[in-house]
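Colleague: I've got the model open and a few things I'd like to ask. Can we go through them one at a time?

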Amino acid sequence: MRVTVAAATDIGRVREGNEDSYLLQDPLYAVADGMGGARGGEVASNLALDTIQRLFDADEGSLTEQVEQANRAVFERSQSDRTVSGMGTTLTAALVQGDRVRLAHVGDSRAYLLRDGELTLLTEDHTLVHRMVVEGEISEAEAENHPHRSVITRALGVDAAVLVDEGIVEMRPGDRLLLCTDGLTGMVSDDEIASLLRETSDPRQAVERLVETANGAGGVDNITVVILDFTQGEPDGEARTTSRPAIPTPTSPTTAPTPDRRDDTFVGRPIRRKNGGPTGGRSRLARKAGIGAGISLVVLLVAFVGLRFYLDTQWFVGVSNGRVAIFRGVPAEVAGLDLSSVVVETEIPAEDAESLAVWRDQLAEGITTDDREGAEGVVEQIRADVEQAESSEP
Ligand code: MN
């Protein structure tokens, strides 16, 4: 089978850097969505892809083993370099082997198959909300707009070992495979992705339209898409095409050379837009019960390391030991697991803060913020309100 490839990555309209990366190294393709710290995310996603690329070149191990090595590389760097400590990355990789595609997947990036006009999700999101849906705690609809929908439960680089989902798809001529980060799926519904993929036969145009659509819907996150089109014919056996966006990752959509173009020129129109509006609910299609004839998705337990929650730089203010406190994590419990830890216990008695109507309910639920500074700001506000209430008492 012949494979034609196109890819694009874009900073989106809100973020200040692009922490996504992709890898096109015929026959190995991948997307990675890094997270953590100012530069951690970018380092994590690039290091993970560099590692699988290097191991693939050296013909070392299976795809899953290469992903496990990538996990170790990110984890060790995170442990040894304070400037990137706590970083992690998702990784969704596709290795074309004749008429088959082997998938390896960790995190909330996705692989989809468009076959006969129908779009099927091939991967399972390793997210808190997906788990809550599976546990029956929330509905699919609630998951779409859940405040913690970006919290992922599995990532590369968080622990010394990682559980990698693996699958094999038997491809047919006419099939189109899409790899993408959540900057696409968080903004654009599966129905919209499906119709766009059906309407746009040129993969280079399709990747650009997907990016434009995600940006049009708000572009709150970095967006990365890779499309592989499978057609009848012999694979192009000559010169392996290798292309990786240089570090730092590009801030404009780039279209990669297709295997038969054999040049390393990136073409594509830069569209860098900032200060776009936020919002845009995460739309998702319930995963189809049957994945379809000819596709077998096999999930292998490679290394079970227990349920670890990677809490994507989440902070909140709540109550601990009768005092107002700053927590890291999310104010939620899943399957009896507490998903937060206390970072600072202030001297402010919870009772004093709870006597103020404005803070009572919020504290009970947990006041979430984007970072530690935000949480400290909330604490300062509570402190000021408590002091004011005390001074106005007779
Ligand atoms: Mn993302």
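Colleague: Let's begin at the start of helix 7: which backbone nitrogen does a side-chain oxygen of aspartate 202 reach?

Modeller: Bear in mind that this is a predicted model. Look at the start of helix 7, where aspartate 202 sits with a side-chain oxygen within 2.7 Å of a backbone nitrogen. That nitrogen belongs to arginine 204.

Colleague: How far apart are the end C-alpha atoms of helix 7?

Modeller: Helix 7 covers residues 203-216, which is 14 residues. At 1.5 Å a residue the helix should span 20 Å, so we can check that against the model. The two agree, with the end C-alpha atoms 20 Å apart.

Colleague: Which residue just after helix 7 takes a positive phi?

Modeller: Go just past the end of helix 7 and check the backbone there. The phi is about 130°, and the residue is glycine 218.

Colleague: And what covers the buried residues of helix 7?

Modeller: The buried residues include Pro203, Ala206, Val207, Leu210, Val211 and Ala214. Glu208 and Asn215 are on that buried list too. An α-helix has 3.6 residues a turn, so residues three or four places apart point the same way. The cover over the buried residues of helix 7 includes strand 1, strand 10, helix 5, helix 6 and strand 11.

Colleague: Strand 11 is in that list, so to speak; how many of its residues are buried?

Modeller: Strand 11 pairs antiparallel with strand 1 over nine bridges, and threonine 4 has aspartate 229 as its bridge partner there. Strand 10 also pairs with strand 11 in the antiparallel sense, over five bridges, with leucine 177 partnered by leucine 228. Strand 11 is mostly covered, and the buried count is eight of its nine residues.

Colleague: How many residues apart are aspartate 182 and aspartate 221?

Modeller: Aspartate 182 is in helix 5, while aspartate 221 is in the loop between helix 7 and strand 11. Both of these aspartates are buried. The pair links distant parts of the chain, 39 residues apart.

Colleague: Which side chain makes a polar contact with the side chain of threonine 90?

Modeller: Threonine 90 lies in the loop between strand 4 and strand 5, and it is buried with a relative accessible area of 0%. Leaving aside neighbours within four places in sequence, its contacts include Val31, Asp33, Met35, Val106 and Ile152. A polar atom of the threonine 90 side chain lies 3.0 Å from the backbone nitrogen of aspartate 33. The side-chain partner, at 2.8 Å, is serine 109.

Colleague: What separates the C-alpha atoms of threonine 90 and aspartate 108?

Modeller: Aspartate 108 is among the contacts of threonine 90. Along the chain these two are 18 residues apart. Their C-alpha atoms are separated by 6.5 Å.

Colleague: Is strand 2 largely enclosed or open, and how many of its residues are buried?

Modeller: Asp20, Tyr22 and Leu24 point one way from strand 2, Ser21, Leu23 and Gln25 point the other way, and all are buried. Strand 2 is therefore largely enclosed by the rest of the structure, and the count is six of six.

Colleague: What stands opposite leucine 24 in strand 3?

Modeller: Strand 2 and strand 3 form a hairpin with two residues between them. They run antiparallel and are joined by six bridges. Opposite leucine 24 stands tyrosine 29.

Colleague: Last one: is the aromatic pair stacked or edge-to-face?

Modeller: The structure holds one aromatic pair, made by phenylalanine 316 and phenylalanine 327, with 4.6 Å centre to centre and 5° between the planes. Phenylalanine 316 lies in strand 14 and phenylalanine 327 in strand 15, so the pair ties together parts that are 11 residues apart in sequence. Both phenylalanines are buried. Planes under 30 degrees apart count as stacked, so with 5° between the planes this pair is stacked.

How values were computed
Residues are numbered from 1 along each chain as its sequence is written. This is a predicted model: local features need pLDDT of at least 70, side-chain atom pairs count only at pLDDT 80 or more; totals for chains, interfaces and linings use all residues. Side-chain values use heavy atoms; hydrogens and water are left out. Rings of Phe, Tyr and Trp (its six-membered ring) pair if their centres lie within 6.5 Å; planes under 30 degrees apart count as stacked, over 60 as edge-to-face and the rest as tilted. Helices (H or I, at least four residues) and strands (E, at least two) are DSSP runs, numbered from the N terminus. Buried means under 20% relative accessible area, exposed over 50%, partly exposed in between (1.4 Å probe, protein chains only). Two strands pair if DSSP finds at least two bridges between them. The expected span of a helix is 1.5 Å times one less than its number of residues. Contact means heavy atoms within 4.5 Å. A polar contact is a pair of N or O atoms within 3.5 Å; within protein, one must be able to donate a hydrogen and the other to accept it, and residues adjacent in sequence count only if both atoms are side-chain atoms.
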